[in-house]
Amino acid sequence: MKSVYWSKNYKISKDKFHECLTSLSKKGLNVEHEELSIDQNDPNGNPLYIDVAWIGNKDANNLYMSTSGIHGVEGFAGSAIQLSALNKINDLPPDTALAFIHILNPWGMSWLRRDNESNVDLNRNFLPKNENYSGSHSHYSKLDPLINVKRVVSKNDLFRIKLLIHSIFYGRTKTKQAYAEGQYEFPKGLHFGGHQLEKGPAVFIDWLNRKISNIKKCIWVDLHTGLGAPGEDSLLVDLCPSSEKYSQLTKEIFGNRILSLDPKAGIAYKIRGGMQKGIELLFPDINWTSITQEFGTLKGLSVISALRAENSWTHYGNYNNNNVLDHWSKKNLLEAFRPIDQKWEKRIIERGITFFNHSFQYLLKLFPYHQNAFSQ
C-alpha cells in the first residue's frame, strides 16, 4: 500500500505539510507557521518558500528541531518522515516546543537538483564568520577533471571504473574526503560551497534569531538520503569519538548507530560549512545535540555517478525550462536519492518515526513523559 506521506513533487509535499499544521491547530496545539521567500520560482512559475513551523509554547526552553531538504532532491524522504511525525503528535509538555523546517532548498527539490539555484551545496554554505569562502581540499583539483566534466556525459563513459582506479591509486579515504568535504574554487563543480551566505540559509538564520532566544536545550535531527546501505539509517555527529558527549550518545542513548564524521571511522566524512555546526556557533548558549539521520539508497559509486551526470547536464546541456527535467540524468538523480520502491519507502518511514520518538524522549528525559504525546 502506497504511503500517503510520499509526494510526487515539491508542491504536493508543501500542501501536505500545510494540511498537517491545520490538523495540529484543530487538536488545540499552538502552531505558528511562516513561509520564508527565497525569491525563486518552480518549473511552473510559482514562487518558492521555505515552510517553517513552531509548534507548542512560544517561550519554551526545550526544543526539538527537524529539518529536511537542504539537499533539494533528498527532501522527498525528509518530507515524508516529517509528515508522518506531525501526524502522530497529540500534545506537548508546557516547556517544550517543536520546530519543523520543511524543505530548506525548495528550488533543488522542485528542479530535481541536490544544489540550489546558484549551484551551491547549502550544507557547505554555513561557514563561520571568521572563515573565507575560498579554498578546497588539496586533492580536489586532481578529482576535478574526472567528476566535473565540461560537457554532457554519456550513460556509459566508464566513470565508475575510472573513479575506482583513482581511489585505489590515491587512497580511498583521501579521495572520499576530497570529493565531499566542500570546495569554494570550482563554481560549476560538485559540492561547491558558494562565495557568500545564500538566500535560503540567510532567511533561515533570521527566523532562528527571532524564535530561539529562550531555548536552553535543543535536539536537532537533519534528514538526508544517499549514504549507506539501502534502507538503513546512520546517525552522524560532528563529534570526536573520544569526546564525553560522543561516548554518552553511543553507550547510554542511541547505541552504535551513532557515527563520527571522521572519514576514517566509517561511511561519513568531515565537511566545511555544514549547517548544524554553523548554526551551533551562532547560538553558543544553547545545549545542542545535533544529529544527521542519513538513509542509504544505492551504492556509493552509483550515487556519485548520478550527481556527476546531472551536474554536467545542468551546466552544459541544450535545454529550456520546459524540458530540463526530462533528461535521463534527472531521472537517475531522483532514483539515487529517492528510490521508487515500496519496501524502501516503508523502511524509511519506520526508521524515521522510530528515531523521532526515541530522540524526542531523549529531549524529555528530565521531564515526566506525556503518554498521550503521540498517537499509536
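This is a predicted model: local features need pLDDT of at least 70, side-chain atom pairs count only at pLDDT 80 or more; totals for chains, interfaces and linings use all residues.
Which residues are linked in a network of salt bridges?

Residues are numbered from 1 along each chain as its sequence is written, and side-chain values use heavy atoms, with hydrogens and water left out.

Now, back to that opening question. The network of salt bridges links Glu74, Arg114, Asp121 and Arg124. By salt bridge I mean a side-chain nitrogen of Lys or Arg within 4 Å of a carboxyl oxygen of Asp or Glu. Helices (H or I, at least four residues) and strands (E, at least two) are DSSP runs, numbered from the N terminus. Glu74 is buried, with a relative accessible area of 3%, and Arg114 is buried too, at 7%. Here buried means under 20% relative accessible area, exposed over 50%, and partly exposed in between, with a 1.4 Å probe and protein chains only.

The count of salt bridges comes to 20, and I'd like to show you two others. In one, Lys14 and Asp51 meet at 2.6 Å, N to O. Lys14 lies in helix α1 (residues 10-26) and Asp51 in strand β2, so the pair ties together parts 37 residues apart in sequence. Lys14 counts as buried at 10% relative accessibility, and Asp51 is buried at 0%.

In the other, Glu32 pairs with Lys211, the closest N and O atoms being 2.4 Å apart. This one links distant parts of the chain, with Glu32 in strand β1 and Lys211 in helix α7, 179 residues apart. Glu32 is partly exposed at 23%, whereas Lys211 is buried at 13%.

That brings us to helix α7 itself. Helix α7 (residues 199-211) has 13 residues and reaches 19 Å from its first C-alpha to its last, close to the 18 Å expected at 1.5 Å a residue; the expected span is 1.5 Å times one less than the number of residues. Its buried residues include Phe204, Ile205 and Leu208. What do the buried residues of α7 pack against? They pack against β1 (31-41), β2 (47-56), β3 (62-68), β4 (96-102) and α9 (275-282).

Let's move to the nonpolar cores, meaning sets of buried Ala, Val, Leu, Ile, Met, Phe, Trp, Tyr and Cys residues joined through side-chain atoms within 4.5 Å. The largest one has 63 residues, and Met65 and Ile279 have the most contacts inside it. Neighbours within four places in sequence aside, Ile279 is in contact (heavy atoms within 4.5 Å) with Phe126, Phe204, Ile205, Leu208, Trp220 and Trp288. A second, separate core has 43 residues, among them Leu29, Tyr64, Ile89 and Val237.

Last stop, a serine. Ser242 is in the loop between β6 (233-237) and α8 (244-254), and at 66% relative accessibility Ser242 counts as exposed. Ser242 and Ser260 are 18 residues apart in sequence and 10.0 Å apart in space, C-alpha to C-alpha.
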